[in-house]
Amino acid sequence: MHFPMWAMAGFWGLVSGSALLIGAAIGFFTHVSQRVVGAIMAFGSGVLISTLSLELMEDAYVKGGFHSAAIGFLGGASAFTLANWVLARYGAKHRKRSGHHQATERKQVQQGQTEGNDPGDDNSSALAIGALLDGIPESIVIGLSLLAGGAVSTVAVVAIFLSNLPEGLSSAAGMKKAGHSARYVMLLWSGIALISGVASLLGYTVFSHFSAEVVAITTAVAAGAVLAMIADTMIPEAFEVAHNFTGLITVLGFLLSFFLSKMSM
């Protein structure tokens, strides 16, 4: 049975996004040590760095040349950094932390100590928007990969799945310590997983009508946003608890993704 390409894009986006929900369930309902969470986060960072280097930026360069790739890459990183800065002011700076950072941040927001908020505000909306900000660029990449070769990039799906697992796990563990209910956490990540599928579908259907240069810029934008996300949210959590082993574990993640990319050639 042959499925239409747009359905395949949505399906694989949903598969990769489901790792967020799986990770969230593990992080909320089981006890995973922060050192293990940090190690998994470092590994996922390495996987993503390899994918955006060897798959996304290479594809953007081939389709649109250096200028398109560079403009998109810097634009994506700048957009993410600006949005992340705004969200940090509303209590979502530590959304991927598994420790007590979220609890402290939520308390500050509720007490009106975070600049730009009124007393009594809660950071739940900022956390939800932050999760979307982190997940959507990754999912769009899956849809764009279908435009590149007529088949989904297995490496991209595996890489995003492996990186989403620790993201959901770490964030949910932190949300639990911050006092968020199981219902809130699971509904949040279920919604993000669903939106991941939609974002992947849109990545294919919307950009299938645009030129190769536009697709190249968009791919580079996603790559830039993902790299900025890794540096701003994933690596800090990994380093805080894994310390001197962070670099080695990140390299192992990079090596796995590199191996998968060569095996798929």
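Visitor: Among the elements of the protein chain, which helix has the lowest mean pLDDT, and which the highest?
Guide: This is a predicted model, and pLDDT expresses the predictor's confidence in each residue. The chain as a whole has a mean pLDDT of 79, with 82% of its residues reaching 70 or more. Among its elements, the lowest mean, 57, belongs to helix α3 (residues 101-110), and the highest, 88, to helix α8 (residues 246-263).

Visitor: Over which residues does pLDDT stay under 50, and how many contacts beyond four places in sequence does the model have for them?
Guide: Where pLDDT is low, the predicted coordinates should not be read in detail. That caution applies to residues 116-122, where pLDDT stays under 50. For this stretch, the contacts beyond four places in sequence number 19.

Visitor: Which element gives the most to the largest nonpolar core?
Guide: The largest nonpolar core holds 26 residues, of which L48, L52, I230 and M234 touch the most other members. Two or more residues come from each of α2, α4, α5 and α7 (212-242). With 11 residues, the element that gives the most to this core is α7.

Visitor: Which residues does L52 touch, not counting residues up to four places away in sequence?
Guide: L52 is one of the core residues that touch the most other members. With residues up to four places away in sequence left out, its partners are M57, F73, A223, V226, L227 and I230.

Visitor: Which element gives the most to the lining of the second largest pocket?
Guide: The second largest pocket contains about 150 Å³ of space. Its lining has 13 residues, with G27, T30, H31, A173 and K177 the closest to the centre; by class, the lining has five nonpolar, six polar and two charged residues. At least two residues come from each of α1 (5-29), α2 (34-89) and α5 (154-177). The most, four residues, come from α5.

Visitor: Is S200 buried or exposed?
Guide: S200 lies in helix α6 (residues 182-205). Beyond its neighbours within four places in sequence, S200 is in contact with A9, G10, G13, S139, I140, I142 and G143. Its relative accessible area is 0%, and the cut-off for burial is under 20%. S200 is therefore buried.

Visitor: Why does T219 count as buried?
Guide: T219 is found in helix α7. T219 counts as buried because its relative accessible area is 3%.

Terms used. Residues are numbered from 1 along each chain as its sequence is written. This is a predicted model: local features need pLDDT of at least 70, side-chain atom pairs count only at pLDDT 80 or more; totals for chains, interfaces and linings use all residues. Side-chain values use heavy atoms; hydrogens and water are left out. On a 1 Å grid over the protein atoms alone, a cavity is a set of points where a 1.4 Å probe fits but cannot get out, and a pocket is an open set with protein on both sides within 12 Å along at least five of seven lines; lining residues have an atom within 4 Å of a point. Grid points are joined across faces, edges and corners, and a volume is the space filled by probe spheres set on the points. Ala, Val, Leu, Ile, Met, Phe, Trp, Tyr, Cys and Pro count as nonpolar, Asp, Glu, Lys and Arg as charged, and the others, Gly among them, as polar. Buried means under 20% relative accessible area, exposed over 50%, partly exposed in between (1.4 Å probe, protein chains only). Contact means heavy atoms within 4.5 Å. A nonpolar core is a set of buried Ala, Val, Leu, Ile, Met, Phe, Trp, Tyr and Cys residues joined through side-chain atoms within 4.5 Å. pLDDT is the predictor's confidence in each residue, from 0 to 100.
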